[in-house]
Amino acid sequence: MAQLRIALAQVNAQVGDVTGNAELVLDWSRRAVAAGAHLVAFPEMVLTGYPVEDLALRSSFAARSRGELDRLAVRLREAGCGEALVVVGYLDRDEEGPRNAAALLHGGEVVARYAKHHLPNYGVFDEFRYFLPGRRLPVVRFHGVDLGVVICEDIWQRPGPADALAAEGADLVVCVNGSPYERAKGDARGDLVSGYASRTGVPMAYVNLVGGQDELVFDGDSLVCGGDGAVLARSPRFEEDLLVVDLDLASNPGGGPDGEGFEVVRRVIGDDPLPPYPAAAAPTPAAPLSESAEVWGALVTGLRDYVEKNGFRTVLMGLSGGIDSAVCAALAVDALGADRVHGVSMPSRYSSGHSRDDAADLAERTGLHYSSQPIVDSVAVFVDQLGLTGLAEENVQARCRGVTLMGLSNQDGHLVLATGNKSELAVGFSTIYGDAVGGFAPIKDVPKTMVRRLALWRNEEAERRGETPPIPPNSISKPPSAELRPGQVDTDSLPDYELLDAVLEGYIEGDRGLAELVADGFDAELVERVVRLVDRAEYKRRQYPPGTKTTFRAFGRDRRLPITSGWREPLPNGS
Ligand SMILES: Nc1ncnc2c1ncn2[C@@H]1O[C@H](COP(=O)(O)OP(=O)(O)OC[C@H]2O[C@@H]([n+]3cccc(C(=O)O)c3)[C@H](O)[C@@H]2O)[C@@H](O)[C@H]1O
Ligand SMILES: Nc1ncnc2c1ncn2[C@@H]1O[C@H](COP(=O)(O)OP(=O)(O)OP(=O)(O)O)[C@@H](O)[C@H]1O
Ligand SMILES: NC(=O)CC[C@H](N)C(=O)O
């Protein structure tokens, strides 16, 4: 039985900032070594950030990543971390092409390199476009403990390198990850890691990135499972964390056919067993979050990191008194603090008194900066000069609001937030270049029924903490309305949101056809109408700002459809 203290550094790396990320690795390695860790592991491609998209194809970027890795090995030794084994994800490139790789650094050198074997190429991932798969499998004997490294998707597909490592006698497998958040995914990861450990008897340490990158949020949730599959330690979600765990590792005799097909490379570092050290208190595994808490955490992280990593100080949005803009404002206040959030009420001649009162109430509750910019005069100029009526007149109101927000953004440097939700985006219920303007859309992947659940949860959470609930109860209870003509409510032109979201979930998340949805029990006419609306709105979605993915299938990378398309889902009768 060998003892090893490992530290999983769940850090927030910045895509493209290789120098800054090297500093991050250095800083967290120092902390881990100060905590007595013998092995420190960082997430997938921590040195370049993840995902780097087409930057992976630039040889200058790969050269920078490789060069910084070599320098990092030396700097770690100079910083007193040379005795520890430090696992660092980076972008590699050899004569054949780019690789998604992890290096083991020790004593000022790169002692082993592993390139990801299974490349994910579904959903938001396009790794066949970027990387070549690796076949080499390093097994490093570190003070008598046989260690192997795998990268993220490697444990989602079998057979693969993790099973091969068990067969080659690894006593511990470290899995480095860039596993993005989507609702309820945490369980899948826990099951995979625990399943691997109990199947093979080999403990696994799983370290994930944390933080937002464009539309993705990495939620951390790093964990360690013992050889019996039990979870020994687990990091909190959506925050940086150093998970320090003492492991008693049994020697694995190896064996079995799973090692075939890989080129095993062995290296020995330190012949002597590690000296005994005082045991650290075992960390308590972080408790699971409720669905609303987890989605809220993802949205706050996604918004905060988009704003911070793109260098904005403040955000600005239109406040209609409705639930969508109220939830976006509450998210922004949680992400950035009230002083960095600006909201504008922009009443038109159709705006109700309560829309202004509810917007003002929201500002009062949250403490955000609030102002009023009526659009009555600007709308009148367009309507009169162009002779606009009906829908054209309705939409020009949304567009005057868009112009107002963009004017203030240009003047004061705010990032404009678009407040549309996934249900509206699905059916094209927004005015292009109107309420769809903005640089980021915090709730674009949250269905309207979930927006409501989030609003209720956030207010309850505030009450539980003895704080003022941020969202005006009236914004939650009143019927949703765009207020673009007198007395308009969303249900004039859309089905009830509970029903709409159920059909949308089947069509978008479940990829069910029109006939299948009817067989599921939905009304045929309703399904046909909703499906047509969704198909027709592809062009609008393509021009909508980016926003945080929370569902299994977010619009955009997860669901790529042609805009110009003659395809119509067949009707239940086959026509
Ligand atoms: N395939 C295509 N590729 C490129 N452009 C295409 C296009 N098809 C139409 N277009 C163009 O798109 C424009 C029509 O779209 P757009 O101007 O948006 O107008 P449209 O979709 O016709 O109307 C906006 C709808 O959203 C509703 N709305 C508006 C504002 C807020 C809310 C809310 O509750 O949040 C709801 C409103 O009640 C109305 O039903 C036209 O200029 C048309 O030429
Ligand atoms: N009177 C207004 N003042 C300021 N902004 C507005 C106003 N009306 C609409 N907006 C902006 O346009 C967005 C679309 O709002 P709209 O009222 O048309 O529909 P909605 O999707 O029900 O949104 P919400 O629930 O926020 O009202 C709002 O979220 C808000 O940002
Ligand atoms: N970076 C990866 O390889 C991620 C793929 C993996 N299936 C996940 O979502 O966790």
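**A walk from one loop to the whole chain**

Y433 sits in the loop between helix 11 (422-427) and helix 12 (448-464). Helices (H or I, at least four residues) and strands (E, at least two) are DSSP runs, numbered from the N terminus. Y433 has a positive phi, near 60°, and is not a glycine. Is Y433 buried, exposed or partly exposed? Y433 counts as partly exposed, because it has 13 C-beta neighbours inside 10 Å. The rule is simple: 20 or more other C-beta atoms within 10 Å of a residue's own make it buried, 12 or fewer make it exposed, and anything in between is partly exposed, with C-beta atoms placed from the backbone.

This is a predicted model, in which local features need pLDDT of at least 70, side-chain atom pairs count only at pLDDT 80 or more, and totals for chains, interfaces and linings use all residues. Residues are numbered from 1 along each chain as its sequence is written, while chains are lettered from A and ligands numbered from 1 in the order in which they are written.

Now step back to the chain. It divides into domain 1 (2-251 + 265-272) and domain 2 (292-493). These bounds come from an automatic or database domain assignment. The domain centres, taken over C-alpha atoms, are 40 Å apart. Domain 1 brings 9 residues to the contact and domain 2 brings 10. Two residues are in contact if their C-beta atoms, placed from the backbone, lie within 7 Å. Which strands supply at least two residues each to the side of domain 1 that touches domain 2? They are strand 10 (210-213) and strand 11 (216-219). By class, that side of domain 1 has 3 nonpolar, 3 polar and 3 charged residues. Here Ala, Val, Leu, Ile, Met, Phe, Trp, Tyr, Cys and Pro count as nonpolar, Asp, Glu, Lys and Arg as charged, and the others, Gly among them, as polar.

Strand 10 and strand 11 are antiparallel and share 4 bridges. Strands pair if DSSP finds at least two bridges between them. G211 is opposite F218 in strand 11. The two strands make a hairpin with 2 residues between them, and D214 in the turn has a positive phi of about 50°. On strand 11, L216 and F218 point one way, V217 and D219 point the other way, and all are buried. Follow the chain onward to D221, in the loop between strand 11 and strand 12 (223-225). D221 counts as buried, because 28 C-beta neighbours lie inside 10 Å.

The largest nonpolar core has 160 residues; A41, V87, V88, L172, V327, A329 and A332 touch the most other members. A nonpolar core is a set of buried Ala, Val, Leu, Ile, Met, Phe, Trp, Tyr and Cys residues joined through C-beta atoms within 7 Å. Helix 7 (residues 323-336) gives this core its largest share, 11 residues. Both domain 1 and domain 2 contribute residues, so the core lies between them. Beyond its neighbours within four places in sequence, V327 is in contact with I443, V451, L454, A455 and I471. A second, separate core has 5 residues, among them M346, I375, V379 and C400.

Turn to an open sheet of 4 strands, in the order 18-17-16-19, with parallel pairing. Strand 18 (369-372) and strand 19 (415-416) are the edges, each pairing on one side only. G343 is opposite Y370 in strand 18.

The ligands come last. Which residues come nearest to ligand 2? Of the 21 around it, they are G318, S320, G322, S325 and A482. A residue is near a molecule if its C-beta atom, placed from the backbone, lies within 6 Å of it. Strand 16 (315-318), helix 7 and strand 17 (341-345) each give two or more residues to this shell. The largest share, 3 residues, comes from helix 7. Ligand 1 has 17 residues around it, and F429, T431, I432, A482 and Y539 are the closest. Helix 10 (residues 390-412) gives the most to the shell of ligand 1, with 3 residues. Around ligand 3 stand E44, P120, F125, C152, E153, W156, G178, S179 and P180.
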